[in-house]
Amino acid sequence: MIHFKRLNDLLSRKYWAPVSAVKEHKGEAMNTLYNFVSGPLAWVAFIIFFVGCLYRLIRILVLVHKKEKYIYTYMSWKYSFRSILHWVIPFATVNWRKHPVLTIVTFAFHICLIITPIFLLSHIILWDESWSVSWWSLPDSLVQAMTLIVIGSCIFFLIRRLISPEVQYVTFASDYIILAIVAAPFVTGFMSYYQWFGYQVFTILHILSGEIMLIAIPFTRLSHMLFSPLTRAYMGSEFGGVRHARDW
Amino acid sequence: MKKCFPILLLLLTVSLFFLVYAYSQEDMRFINAEAFENPQRPPTVFNHDEHNELAQIEECNECHHIYDKEGKRVEDESSEDQSCSDCHEPKASGRKPALMKAFHINCKGCHKEKGKGPVMCGQCHVRRPNVED
Amino acid sequence: MAEPAKKVEEKKIIDEGLEMGTEKLTQDRIENVINRVLKGESGARLKAYVDTCIHCGLCSEACHYYLSQDNDPRWSPVGKVKQTLWEMIKKKGKVSPDFIKRAAEIASTECNLCKRCAMYCPFGIDIAYMMLVVRRINHLLGVTPLYIQDTAHSHAATFNQMWVKDDEWIDTLQWQEEEAQGEIPTLRIPLEKEGADIMYSVIGPEPKFQAQLIYQAAVIMDVAGVNWTMPATPGWDNSDMAMFTGDNEIMGRLKRAHFETAARLRVKKIVMGECGHAFRSVYDVGNRWLGWRMPPIPVVHAIEFYYNLLKEGRIKIAKKFEEAVTLNDPCNVSRGGGLHDKARYVVNAICESLVEMHPNREYNYCCCAGGGVINCGPPYKMKRVEGNRIKAEQLFAAKARGAKVLIAPCHNCHSGLEDINHHYGLGMEIKFIGDILYEAMEKPA
């Protein structure tokens, strides 16, 4: 924690910044844009996200029902969770142990990616103002460190895509795009938080990119957020119930 | 450690210079944030007179409001003789919002309503108030 | 970028089945068939697998081909999906005849459907299933490697894999009965014995050229006092190459005949010989096609059967096999049926010492013969053997720790490992469990 705080202080430069009167507030147009992206557009993004996720999940289940009903007969809660549990614990599977660096990065990345936006104080304040719901928050300094982890991980994934032959071979433009979609809210959020330059632009871009990510989740391969527990559970059930073998 | 020393020295000198410079500015005002334990953002930049002049606010109770027990706003009374934190506690009680939310509603709420004044977090919680935002 | 020199050396394989099938293709037919399979036959599974794959490449190191080809990414599981299914989906079926030919080569001869990659994918994506979808498309387009297609034809015409005629089958059983009576005069191979406890089933190649395996099985059954029978009609063969060519209809006919034969004989169980793919067919795939969650009549693989006999003391060991052995866990019975621990119990019961190879159990590398690959015949032999250098390395390591004999309780493993044995100069003797059990067991004097 101490380290996060020191890093935070250093980055914010609040102790050595020259302080003078704030210039009269300008940029009404920026504020209008801000009100639009943080108001109606946020509603649109959240609705598309939730409805989209629900739609995708229901559609896949309907498809199972229509054409591959037998899948249900093999599903087992016990073996589903046995499999999922192994794969959500770092180093609990053979393949995680084979790739220690990637494992650390991917776990840190996914944890920070999900925790950061949900427990960031500024987000909670905005939700509280809009919907009067609030929950506990993480200290800003910690959240900023987690943001850096997400950005760093994205860079790691990018480099891995570029230089690792087995990844590079199956990489398409869409892979870079979804990586950028995920990285953008964190980069802009980081810039916005520290206010080095272009504060208003970064804030608006931050909200906009966050909304793009939300909308993209159900309709791109970011939907692995929705489907991976299902595919894992099915494979876990097949391995547990039929194959009597480990799948981790 | 030896390598760090010159850098640290340089940093120290520079910061001292800026600190002195900072404290020499007298027209700067911040919202009193002492009531917040462990604040996460820099205190809000706020120049009382300049704000009211720009916003053409005549009545103190436009901002320094009083609410009665039923939660109705009392006209003609104002609370400029008190601190906001005298009424608004760190946590909300009943319909009375918590201190932070009260600030946000009071300032940002009005700014949004009038379509004037800052609305983004960092426009008020300015890290380096000399920089044009 | 300089390509590695070995690509130049790679010989062009000519497969008549693929060549002739490709010649007959038209653009329309390709498009129709692909869309019929992708949109009509397949459903949520394929969709979820394609939409969920994040292209991370983590499946690569699961594949023995990838590891054996110096980590060349086009041999990785996901790399094979990219070269086949993704392209078909992206182009909505508008791919060229040559693309189909290459897809057939990849799906039928560069993947053993061993499902090891399903254990390495964080999302549990079943790439073997996707390769089977490609094979299905190829089957419907008539572009399947010649040798395995011939086998599938044999299944269709004779209900066995090797064009064994009905009377030849009965002849062979009687011949082996006579041979075995030289050892145990009272021994019988009961044919068509209704109400027996067990129907013993084998794969086509056993009567064709490995008849001693039937002999051994008969001796084991006789000594253990098992109430068993074999059918005198088609349905005796549990093997299934139609499953591997994507000819699901023939697969269904075969399995129906097999299970109905067992039902006609009113047996309690089907016991099968040491075969991996047949186990997959009767235990996992064929039964599903017929609408059975699990086999309609319990299927017991030889490993489990031996395990039960030894555990219950129905067979006693006179003298354990002395040379140190190592055990190759076949994908279809280990990763596919969890029989690895029982196999170890059996091997330890009949052998003095077992030297484990690594990885082992469900993590074992595929032999590179399964999944119908060896059945694609001579044109692909070197590709298959060179595509499993990692297996040779694995076996050399076990040999270095003392293993002299390699046990492979699966016909495909057996043949595939024999090729690897010769090509890499491994110098190991390869045996079935039954070979050793037959030697080691107590027999009436």
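**View 1. A right-handed β-α-β unit in chain C of this predicted model.** Strand E3, helix H15 (residues 277-289) and strand E4 of chain C build a right-handed β-α-β unit. Right-handed means that, with the strands pointing away from the viewer, the path from the first strand over the helix to the second runs clockwise. Helices (H or I, at least four residues) and strands (E, at least two) are DSSP runs, numbered from the N terminus. This is a predicted model: local features need pLDDT of at least 70, side-chain atom pairs count only at pLDDT 80 or more, and totals for chains, interfaces and linings use all residues. Residues are numbered from 1 along each chain as its sequence is written, chains are lettered from A and ligands numbered from 1 in the order in which they are written, and side-chain values use heavy atoms, leaving out hydrogens and water.

**View 2. E3(C) and its strand partners.** Strands pair here if DSSP finds at least two bridges between them. E3(C) (residues 269-272) runs parallel to E1(C) (residues 198-201), with four bridges joining them. Three bridges link E3(C) to E4(C) (residues 299-301), also in parallel. Zoom in on C:Val271: it stands opposite C:Tyr200, and its bridge partner in E4(C) is C:Val300.

**View 3. Helix H4(C), tucked in.** Among the buried ones are C:Leu46, C:Tyr49 and C:Val50. They pack against helices of chain A, including H13 (224-243), and of chain C, including H6 (77-90).

**View 4. Which chains touch?** Contact means heavy atoms within 4.5 Å. Of the two pairs of chains in contact, A and C share the most contacts. Chains B and C don't touch; their nearest C-alpha atoms are 35 Å apart.

How values were computed: Buried means under 20% relative accessible area, exposed over 50%, partly exposed in between (1.4 Å probe, protein chains only).
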